[in-house]
Amino acid sequence: EAQIERTSNVIQDMLLYARRPEPVRSPLDLDACVAECLALLQPEFDRRHITLVTEWSRQVGKVDADAQQLQEVFINLIENALDAMPTGGTLAVRTSLHLKLNQPNRRTLAEVEFSDTGCGMGAEQSAQIFQPFFTTKRAGRGTGLGLAIALETIRAHGGEIKVESELGKGSRFTIVLPRDG
């Protein structure tokens, strides 16, 4: 039964990656969306001895986005951070607002940053993490599609994902979304 469940999850991930629906956008309070994901996973933070640090920017406000799709991305990044800290650590989540002046037209960008004190990754791993079926997890723990799906979702929203990581020191994932449509 466990193998059937795992196989079903792999198939669902593959279908989701292959047939990613277009975002159904509406005004979304970005801070509230991230906070909801963190609240959902709070029992895991407690169980795994993870300290959660949040820093909310009151200026971020709303973005034009698909709430369900962004929640999937945020939960995937949070779960990856938890997996990177098996003996405990700190997850810092921050939101911020930036004005890009060097664009042909000025753009307001909302950022959500997930920073952990986990095992981190070397440059070679960091370069591959968004490729479909690449995983750093042991067999049976991941399909290698989570970050590939996250990247495609954020791109469909007109944004980008940046990653910084150092082996033994942790990782920082930053999601950048246009706030002005």
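Axes here are lines fitted to C-alpha atoms, for helices over the stretch in contact, and angles run from 0 to 180 degrees between N-to-C directions. Helices (H or I, at least four residues) and strands (E, at least two) are DSSP runs, numbered from the N terminus. The model is predicted: local features need pLDDT of at least 70, side-chain atom pairs count only at pLDDT 80 or more, and totals for chains, interfaces and linings use all residues. Residues are numbered from 1 along each chain as its sequence is written, and side-chain values use heavy atoms, with hydrogens and water left out.

Start with the helices. Two packed helices are described by the angle between their axes and the distance between the axes. For α3 and α5, the angle is about 145° and the axes are 10 Å apart. Their crossing is left-handed; that is, the near helix is turned anticlockwise from the far one by less than a right angle. From α3, the contact (heavy atoms within 4.5 Å) uses Q69, L70, V73, N76, L77 and N80. From α5 come G146, L147, A150, T153 and I154.

Next, the sheet. Strands of a sheet pair through backbone hydrogen bonds, either parallel or antiparallel. Here, two strands pair if DSSP finds at least two bridges between them. Five strands form an open sheet with mixed pairing, in the order β2-β4-β5-β7-β6. At the edges, β2 (50-55) and β6 (160-166) each pair on one side only. Neighbouring strands are turned by 15° against each other on average, direction ignored. β5 and β7 pair in the antiparallel sense over seven bridges. F114 stands opposite F173 in β7.

Now the core. A nonpolar core is a set of buried Ala, Val, Leu, Ile, Met, Phe, Trp, Tyr and Cys residues joined through side-chain atoms within 4.5 Å. Buried means under 20% relative accessible area, exposed over 50%, partly exposed in between (1.4 Å probe, protein chains only). The largest such core has 37 residues, and L30, F74, I78, L91, F114 and I175 touch the most other members. Among the elements that each supply at least two residues are α2 (30-47), α3 (67-83) and β7 (170-178). α3 gives the largest share, eight residues. Beyond four places in sequence, F74 touches L30, C33, V34, C37, V112, F114 and I175.

Finally, A110. This residue lies in strand β5. A110 counts as buried because its relative accessibility is 0%. Leaving aside neighbours within four places in sequence, its contacts include L30, V60, S96 and I175. A110 and P178 are 68 residues apart in sequence, yet 6.2 Å apart in space, C-alpha to C-alpha.
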